[in-house]
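This briefing reviews selected packing features of one protein model. Please consult the sequence and structure shown below.

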Amino acid sequence: MSDFELSLQALIATRAREMPDGVALRHTEGSSLNWQSFLEGSLAMADALQMAGVRESETVASMFPNSIDAAIAWAGCGWLGAIEAPINTSFRLDWLAHAFNLNGARMLLAHREFLPAVWEIERRLEHLEMIVVFGGMPDTLPQTGLRIMTAEEFLSQASPRERPVPGLWDTAALIMTSGTTGPSKAVVIPWGQLAAGSNIDWGVPVESEVIYSPFPPYHISGKGPVYMAARHPGSRAILAPRMSASEYWPHINDYGCTQAVMLGPMAEFLMSQPPRDDDAANPLKRVLMAPVIKDIEAFVKRFDVNVFTCYNMTETSMPLVSGREALFGEGITSCGKARPGVEARLVDENDLEVPPNTPGELILRTEPWEMNQGYWRMPEESFKAWRNGWFHTGDTFIRDEEGRFYFADRKKDYIRRRGNNISSFEVEACVNQHPEVIESCAVAVASEINEDEVKIAVVLTPDSSLEPHALLEFLRTRMPDFALPRYIEFLPELPKTQATLRIQKARIRDAGVTADTWDSADAG
């Protein structure tokens, strides 16, 4: 198979030709899709989009749970040459309006459960004209100027006619990622990025894999398993609605899953469960874990799995990888070495390379089309990220003499929690909407399970009697649950630089949880 034939659409067509009745996707709630139906359903979706006036290179917004409908919609956009712009289904109000207005989509494909959030911001949407509703039309609809129809109506006249396949250089999707000094950005991801990330030699066979996918379709982690299933003959993806500690091993065992991606906190939860005599009697052959937990040897022994790790972000295609032989002893904290086809350097603030064992920002180059192509409608951000011909990750690493990379710190002001990158800028914008808040600062503080928690430092108006729990309730209606702060601390003023009066986030971050910090976990 040539590189040209490695887009998702080309792979679906190949699998439908080779094994039309083979299962492509199976959902843990009971539905399934074979390769022939995947091909026909995605081609029909492309035809319906075209009849509705969607043009090549135009964006199409989507809001789906992890589902077969989401996969068909994604593939259908690609067949037409349109660009799917999946939106985080936890977004609301300012966050949601920004996502819609940034991607510029005139059409939204959405499951009915996410429509209430859209109605709240309808008048703020600059481009949206039409919504196609999956899962049945709601019993009541608000007065709206938008054209609304069910998926069944939308697809009723469509036919699965043959279309040219996209190339590796064509755009697979716009995936939202956190902002650092501004709002969230939409990463332009080519099909070649998915192809590169799915072709890493881990030393364990990848043929005929059953890939467990509990990740949402608006994350790159939710796109990858669908692509992986198409990439490797005889493979399939098992879609689950969410990552759940109680459902994890039943799903793995019931569906015979052989491969999975696991966030470090999830591994910690699984290890915290009471041991069972049959813990090792599972079909998993390979777990890609990031970050690797401290007691990795106990995890591997208990569950009898091969564990690998990597460094990745929405913009890249697993540029640093580590095989199972490097995950023990001194190498446990390493993200691994640069994979074939990747150039990785650590540099100072002037992009000059630093020597081994010296902290520096990780910058990357790859083979053509193996990384992001910038940020949608953000030329200045794209230029900044790709300056001097290298992609700047914004993350600080240390490299040893053997070429292993060790994550040191985040240069960016983002927070990673529950598998989500959270923009401190957007958290602060929501906090500052409260009438009794003068200003705020959001930072990451360590949690008990090897990930970040959100802390906000807040300056209140002089006559305020606002309590932390009341501020948290105010935020619940304005931001996703994963971004809600666990810690709140009221300060008389925020530390700032003298020359520019910029907030010194490092001082708040370094202070961490103090005696004056309110913890929502303690409040119940």
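**Core packing, helix contacts and strand pairing**

Leaving aside neighbours within four places in sequence, F38 is in contact (heavy atoms within 4.5 Å) with I12, A24, L25, L33, A71, I72, A75 and V226. The model is predicted: local features need pLDDT of at least 70 and side-chain atom pairs count only at pLDDT 80 or more, while totals for chains, interfaces and linings use all residues. Residues are numbered from 1 along each chain as its sequence is written, and side-chain values use heavy atoms, with hydrogens and water left out.

Nonpolar cores

- A nonpolar core is a set of buried Ala, Val, Leu, Ile, Met, Phe, Trp, Tyr and Cys residues joined through side-chain atoms within 4.5 Å, where buried means under 20% relative accessible area (1.4 Å probe, protein chains only).
- The largest nonpolar core has 127 residues, and L25, F38, L49, F100 and L109 have the most contacts inside it.
- Helix 3 gives the most to this core, with 10 residues; helices are DSSP runs (H or I, at least four residues) and strands likewise (E, at least two), numbered from the N terminus.
- A second, separate core of 24 residues includes W249, M262, I293 and F299.

Helix packing

- Helix 1 (residues 8-18) and helix 3 (residues 68-80) pack at about 105 degrees, with axes 9 Å apart.
- The two helices are therefore roughly perpendicular (65 to 115 degrees).
- L8, Q9, I12 and A13 of helix 1 meet W74, A75, G78 and W79 of helix 3 in this contact.

Strands

- In strand 8 (residues 171-177), 6 of the 7 residues are buried, so the strand is largely enclosed by the rest of the structure.
- T177 stands opposite K185 in strand 9.

Conventions: Buried < 20%, exposed > 50% of the residue type's maximum accessible area, 1.4 Å probe, protein only. Pairing = 2+ DSSP bridges. Axes fitted to C-alpha atoms, helices over the stretch in contact; angles between N-to-C directions. Parallel < 35°, antiparallel > 145°, perpendicular 65-115°, else oblique.
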